[in-house]
Amino acid sequence: MNGRFSRVPTLQKIAEAWPWWLLLLALVGVRLSKGAFFADGYALLSRPFWPGSAQSEWLRSAQQVSDQSRLADLERDNRRLRQMLQLDRTGPGLVSAAVISREPSGWWQQLELGKGRLDGLSPGDAVLAPGGLIGRVASVTPTTARVALLTDGSSRLGVWVGRTQQHALLLGLGTPRPRLQFLEKDPGVRPGDVVSTSPASTLLPPNLTVGVVQSINEQAVPAPDGLVQLSAPVDAVDWVQVRTKAR
Amino acid sequence: MGILHRQRWCGATGLLVPLFTLASPGFLKIAGVAPSWAVLWLLPWALVDGPASGAVAGLALGLVLDGLHLGQVSEAPVLVLLGWWWGRIGRRGAPIERSFSLGLLALMGSALLGASLLLQLHWQGALPLPLAGWHTLAAQSLITALLAPLVCSLLLLRWRQVASLRS
């Protein structure tokens, strides 16, 4: 009887194993906290090896590829729907052309392009630069085209303010910033709103970015007007794209 | 009529005017506005070759430049007038040689040309904001007057030599 009792662990032995009890308690704590200590410790130790700028560039470029793909899909859908509505009279033709002469300031605001009628350009074609619409083809020769910029005093263009869903008229003033002439007395437009070509436009490709509203003059009569900063830098453009009409 | 217009290569230098107008070198601009190359070429030509030749050269330049611009406004009338006026000055008074005189004539010519364009554009409604036109007029007159002593002096010197040799 004595021998059998001596094999049962005593309280003293249990107390002597306190480090193991502490370890067990710590493990229970880890379990209950979902490994918080380990995760934080790992984060601290592995911080020097975290993904750097190269990885973030890869991710960003992957995102851009994805965005471009989605944009192409949406444009294709948009074109198909517009053709169904018989709004789209413009073809998808885009002709790249070099700027061979520029006069963004002075008496006339114009560009001269290195492509003309032989490449399918015709008067009225929209001219795009990185950033958005910059003007329209005014005249063509067999190998050149003259572009009237949106800033030219003779330029008149119907535009669309997307946020407020309103039409307006963009008038060239001969200065770097054309005037946005509203048709209603309370347009609700504010600086920072994006101006684009009208979604219902049949003369120009729809939804092309034109610029950003810089200022609004609410006191103007008969309707408020504003100034628009064009989104494409005309002074620095060496190549443009011309949206040619469908033949 | 003078004798300069009979020298083909002298007349051919007039082709540089549309060329420079199109090339529009950026380092020769003030506030983005290029000089009036037509004025810079026409001034020495008319001073050497007389009023009739100056007026004809002004008309030719005006027709060419009108073809290079948007819209229907014309530079030809004022260039004809300037060619005739400068030709008379060259024929009647003492030969103009001082840089200041050349600069002043170019300034007046460029200002007159700019004022004519400003009025035409404004009347046609192609320049809703006359202030933009005044800015262009002032900048173009200034840069033309600044370049005139350099460009016009060289042309004047060369063409006077040619005229004296041929006569």
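1. Basis. This is a predicted model, in which local features need pLDDT of at least 70 and side-chain atom pairs count only at pLDDT 80 or more, while totals for chains, interfaces and linings use all residues. Residues are numbered from 1 along each chain as its sequence is written, chains are lettered from A and ligands numbered from 1 in the order in which they are written, and side-chain values use heavy atoms, with hydrogens and water left out.

2. Fold of chain B. Chain B has seven helices and zero strands, and its pattern along the sequence reads α-α-α-α-α-α-α. Helices (H or I, at least four residues) and strands (E, at least two) are DSSP runs, numbered from the N terminus.

3. Dimensions of chain B. The C-alpha trace of chain B spans about 50 × 30 × 25 Å along its principal axes. The radius of gyration of chain B is 15 Å, which agrees with the value near 15 Å for a compact globule of 167 residues. That radius is taken over C-alpha atoms, and the globule rule is 2.2 Å times the number of residues to the power 0.38.

4. Packing of chain B. Of the 167 residues in chain B, 50% are buried; buried means under 20% relative accessible area, exposed over 50%, and partly exposed in between (1.4 Å probe, protein chains only). Among contacts in chain B with a separation of 6 or more, 75% are between residues 24 or more positions apart, a contact being heavy atoms within 4.5 Å.

5. Interface. On chain B, 26 residues are in contact with 22 residues of chain A. The two chains bury about 1800 Å² between them, with 63% of it on carbon and sulfur atoms. Buried area here is the accessible area (1.4 Å probe) that two parts lose on being put together, summed over both.

6. Polar terms at the interface. The rule finds zero salt bridges between chain B and chain A; a salt bridge is a side-chain nitrogen of Lys or Arg within 4 Å of a carboxyl oxygen of Asp or Glu. Six residue pairs are in polar contact across this interface, both residues at pLDDT 80 or more. A polar contact is a pair of N or O atoms within 3.5 Å; within protein, one must be able to donate a hydrogen and the other to accept it, and residues adjacent in sequence count only if both atoms are side-chain atoms.

7. Where the chain B side comes from. Helix 6 (99-123) and helix 7 (130-166) of chain B each supply at least two residues of the side that touches chain A. Helix 7 of chain B gives the largest share, five residues.

8. Salt bridges. Over all chains, the search finds six salt bridges. One of them joins R80(A) and D77(A) at 3.8 Å, N to O; both residues lie in helix 5 (residues 53-84) of chain A, three residues apart, about one turn of the helix. R80(A) counts as partly exposed at 44% relative accessibility, and D77(A) counts as partly exposed at 38%.

9. D238(A) forms a salt bridge with R102(A), with the closest N and O atoms 2.9 Å apart. D238(A) is in the loop between strand 11 (225-230) and strand 12 (239-243) of chain A, and R102(A) is in strand 1 (residues 94-103) of chain A, 136 residues apart.
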